[in-house]
Structures are given as C-alpha cells and as structure tokens.
Amino acid sequence: MRALVMTAPGGAENSQVQELATPEPGPGQVTVDVAWAGLNFVDVMTRRGDAAYAADWPYRPGKEVAGTVRALGEGVTGLAVGDRVVAAPVGAGLAEVVTAEAVLTVPLPDGVGLREAAAVPLGLATALLLLTDAGHFAAGETVLVHSAGGGIGHALAQLLPLLGGGRLIGTVGRPDKAAAVLASGYRHAFARDEALAEAVRTATDGRGVDLVLDPLGTEALELDLAVAAPGARIVLFGNAGGGAVADLPPLARLLAGNLTVTGFSHRGLAATAPERLARAVRRVVGLLADGGLELPVTELPDLADVPAAHDAMAERRATGKYVVRIGG
C-alpha cells in the first residue's frame, strides 16, 4: 500500500510516499480502507521534531480518516466489513489502509460524505470538546481564539452557532489571513502584535472575554490573562509555536480574577478516555447528517501533495481545513 512516511525531523524533503506492507488489525482493532484523510497542525509539529510528538523515526503521520472497514480484529462488535466509517487512529492515517481502535471508529449515516467526514475525528471533534468539555461554553459568551485561520479555528466558527451562539474574536499570525477569518464567522480578527490586547479590550467594550482557546503553548498566556473577564476560562491545547513552555501564573493571580487555566489534549483523551472522544465524533457526525453543520475544506488530490500542504501550514500560509483524497 502507499503511505506517507516522515523519515527524519525537517521539512518536505524528509516526507516521502512509500510502498509498505498492508497492516492487519489486532484485538479490539479494525483496519480501514482510507478514502479521505485530514491534515492537522500536529503533523507539522511532529515533522519539525517538537518534543513529545514523535519518539521514533521514521514516523507515519495522520490522525483522522474516513473510509470503509476492511477487516475486524478479535472481539470487535458493532462494526462490519464494508461499513462506511470515520476513525481517529493514533497515527499512520495518511495511507491507503490504517489500523484504528474500534472504540474510536464510528459508523457514518447515509447522507454524510466521506470527504467532509475526514475533518471530524480530530478537527471538528476537538473544536466541540474545546467549547464544551474543556471550555464550558455558555450561549452568548465571548470567545477569543488564537490561530483562528486554521482548521480548528474554522471549525469553531461553524460549531458556535449550534451551541447557542456567541461572539467570536480571532487572532492571526499573518494580517492577510484576517479577511478569511471574518468570512468564516468571526466578529473580529486581529493580528497578534503589540496592539492586540487593546484591540480585544475595545472590541469587548472593556469587559474582556469569557473563554480563550489557545494553541500557542504559553506564548500568549500573559495576553490571555490581560483580556480575561472575571470568571473566564483559558484552555491551552497545544504548542504550535514550538517554543519553551513557561510556568503557569501564580495562584494569587487566578484567585483574584476567578480565572481557570486548563489543558486539553486530543491525543491524551484518545489514550485515556476514548469513549469521550468517540461521543464527540458521533455528535458531530449527527450534526452533519442533520444538515446543520458544514465545514468547507481544501481538497488535495493525492498523498504526494501533502508535504507541500504541510509547508503551507508551517509557514502560516494555509487557511481552513485540508483533506487529501487517498482511495475509493
């Protein structure tokens, strides 16, 4: 089978499409013939060699796929060969066949296409969990989203109206991405520069924001604290910048503002509480089936096009969600 392999940390020069043996499922697992797979910034962080994202090389990227069940491992129930599914494998999803845990493989109802479904297991499900489980979003609140031009940022814009609505403020690393963020549903989009805190305060009439969703490690944490309204929640869900992570703020500062700083990890949830992740996937699939949710995607025609898309993501040139066609 064809699969994308990252041979060593670095850039596109270390990402190759190779012919590999087709995997077989173990107990509690399934294999999936992949039709479409989603790209995510975690692929980029792994490729550049960020700590904790890849322990061994070569590495096989890809954490969300849509396709059909190829084979069932021992003990698997509730799925059948040929079922149309979405799955959240631990990796290796950018391939013609992938192994996934059955608990994280969810059947697709009629009417939900495999292309849009490929954006669900990590992209849309993460966005939903950030708002609900981690962020405790309540209808009408103001939400600040860093890196709003990426796939998660666009997914949040689609989901927020379905959770009661609120006001979205996005930040972008490149000013030329602000227009696309506004078009996706954000009320405001600001560049991350020295004027950002004042811009957010002005946009909220001085009150601040109720929820911050921040994938930048602790790079923007001081700003997050500065624009947080009383009782705000700050959710840190990655380290996209790749820099050193600083200490969290002292307890006295959190107590003074009734603030919460929490962390979220899709990978950690998949490993320790997969049923919670699967529940979010099922909920998003249901929203897609009902026609209440739409997520525009940028299609890549082949695995060979993925390294260049990873380059665009790494250089902050990419906007929205990328999916790649792999089979069927």
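## Basis of the model

This is a predicted model, in which local features need pLDDT of at least 70 and side-chain atom pairs count only at pLDDT 80 or more, while totals for chains, interfaces and linings use all residues. Residues are numbered from 1 along each chain as its sequence is written, and side-chain values use heavy atoms, with hydrogens and water left out.

## Overall dimensions

The protein has 11 helices and 15 strands; these are DSSP runs numbered from the N terminus, with helices being H or I of at least four residues and strands E of at least two. Its C-alpha trace spans about 55 × 40 × 35 Å along the principal axes. For 328 residues, a compact globule would have a radius of gyration near 20 Å, and the 19 Å of the protein agrees with this; the radius is taken over C-alpha atoms, and the globule rule is 2.2 Å times the number of residues to the power 0.38.

Of the 328 residues, 55% count as buried, where buried means under 20% relative accessible area, exposed means over 50% and partly exposed lies in between, with a 1.4 Å probe and protein chains only. The accessible surface comes to about 13300 Å², and 52% of it belongs to carbon and sulfur atoms, as computed by the Shrake-Rupley method with a 1.4 Å probe. Among contacts (heavy atoms within 4.5 Å) with a separation of 6 or more, 70% are between residues 24 or more positions apart.

## Strand β11 and its partners

Strand β11 (residues 209-214) is largely enclosed by the rest of the structure, because six of its six residues are buried. Three bridges join strand β8 (residues 142-145) to β11 in a parallel arrangement, and valine 143 has leucine 211 as its bridge partner in β11; two strands pair if DSSP finds at least two bridges between them.

Strand β12 (residues 228-236) also runs parallel to β11, to which five bridges join it, and valine 209 stands opposite alanine 228 in β12. The chain passes from β11 through helix α7 (residues 221-226) to β12 in a right-handed β-α-β crossover, meaning that, with the strands pointing away from the viewer, the path from the first strand over the helix to the second runs clockwise.

Leaving aside neighbours within four places in sequence, the contacts of leucine 131 include Leu156, Leu159, Leu211 and Leu213.

Helix α4 (residues 151-159) is mostly covered, with eight of its nine residues buried, including Ile152, His154, Leu156 and Leu159.

## Two loop positions

Alanine 195 lies in the loop between β10 (188-191) and α6 (196-203) and is partly exposed, with a relative accessible area of 41%. Its C-alpha atom is separated by 31 Å from that of leucine 295, 100 residues apart along the chain.

Alanine 246, in the loop between β12 and α8 (251-257), counts as partly exposed at 45% relative accessibility. Alanine 246 and leucine 221 are 25 residues apart in sequence and 9.1 Å apart in space, C-alpha to C-alpha.
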